[in-house]
Amino acid sequence: VLGGPYQKKDEGSTQASGICYLKLANELMASSLESMPKGCLDVRAAGYIKNGHYVVSDKANRFYRVYCDFTSEPNFVYTLVTSWKFSNRMFKPFRTKSYRNNHPVNEFNPNWDSYRLSYQRMEALRNLKEITHWRITCNFDVNGINYRDYLRAAFARFDILSFEGGSCRTVEYINVMGSGCQDCQIFFRQASDLILSVESGQSSKICGMTFVDGRNIAIKNIKYLFGSYCIGCYNSMFQCSRSESSTTSLWFGGVYEAQSDTSRI
């Protein structure tokens, strides 16, 4: 069902989402390939304002479906590129496969539980001039954005599709269980056998940023945040790893600059 189980509850019915998707698909099929939207910012520029699933094309002009978020952050539009439920944490594409590598999962069916775009499509999205930022959210499917257990960075300062190793990198904003910082250095690790993650212990030891948990206790031991939730190395008070139904979602996006009011849906 188009948009059905993956539509946020306050964004309208499954039927409305399906109509939205089919309407756009019909219009796109009638247009030239050159004018096909390449991502959610193009979809927004075409006048669509309702969060949900839309058709875009990759650089080879092949159609695929994406989930677009037009509303959670003022002036920003985001395209979902990866999402997984905590119960799927041991599945290799969500634990031991770097974003530098190609490990698509259900890439024609964007969903919160088990989804990852191919590297080629992630790269094509990142290379769009409008795409300037990436973010990782926890439980977006349930809570939307509340900026708790949340991470955002600019590609110009930290490109996760080319990053490998472990080092302090600059983020625009990060919040972990209520503590965080802006324009600060956080320790990230990513390797051929490890998906991108924040190491709380190294962030404190090397980068000078110490997170505290909900009990106001410093997290100085090695705990992985925002990814790679291996056995014994995650914090159960962190929203992305709080329960088996918790979700971790990676998005690429940028600022939408309205040219005129052409909203359709």
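1. A cavity here is a set of grid points where a 1.4 Å probe fits but cannot get out, and its lining residues have an atom within 4 Å of a point. Keep this in mind for the next two points. Note also that the model is predicted.

2. The count comes to one cavity of 30 Å³ or more. The largest cavity holds about 40 Å³ of space.

3. Thr-137 and Cys-138 line the largest cavity, together with Gly-144, Ile-145, Asn-146, Tyr-147, Arg-148, Asp-149 and Tyr-150. Sorted by class, this lining has four nonpolar, three polar and two charged residues.

4. Asn-139 sits in the loop between strand S5 (133-138) and helix H4 (140-143). Is Asn-139 buried or exposed? Its relative accessible area is 11%, under the 20% cut-off, so Asn-139 counts as buried.

5. Now the surroundings of Asn-139. Leaving aside residues up to four places away in sequence, Asn-139 touches Gly-144, Gln-239, Ser-245, Ser-246 and Thr-247. With Gln-239 there is a polar pairing: a polar atom of the Asn-139 side chain lies 3.3 Å from the backbone oxygen of Gln-239. Gly-144, another residue that Asn-139 touches, is also among the residues lining the largest cavity.

6. Turn to helix H3 (residues 119-126). Six of its eight residues are buried, so H3 is largely enclosed by the rest of the structure. The buried ones are Tyr-119, Arg-121, Met-122, Ala-124, Leu-125 and Arg-126.

7. What do the buried residues of H3 pack against? They pack against four strands: S2 (63-69), S3 (76-85), S4 (114-116) and S11 (247-255).

Conventions
Residues are numbered from 1 along each chain as its sequence is written. This is a predicted model: local features need pLDDT of at least 70, side-chain atom pairs count only at pLDDT 80 or more; totals for chains, interfaces and linings use all residues. Side-chain values use heavy atoms; hydrogens and water are left out. On a 1 Å grid over the protein atoms alone, a cavity is a set of points where a 1.4 Å probe fits but cannot get out, and a pocket is an open set with protein on both sides within 12 Å along at least five of seven lines; lining residues have an atom within 4 Å of a point. Grid points are joined across faces, edges and corners, and a volume is the space filled by probe spheres set on the points. Ala, Val, Leu, Ile, Met, Phe, Trp, Tyr, Cys and Pro count as nonpolar, Asp, Glu, Lys and Arg as charged, and the others, Gly among them, as polar. Buried means under 20% relative accessible area, exposed over 50%, partly exposed in between (1.4 Å probe, protein chains only). Helices (H or I, at least four residues) and strands (E, at least two) are DSSP runs, numbered from the N terminus. Contact means heavy atoms within 4.5 Å. A polar contact is a pair of N or O atoms within 3.5 Å; within protein, one must be able to donate a hydrogen and the other to accept it, and residues adjacent in sequence count only if both atoms are side-chain atoms.
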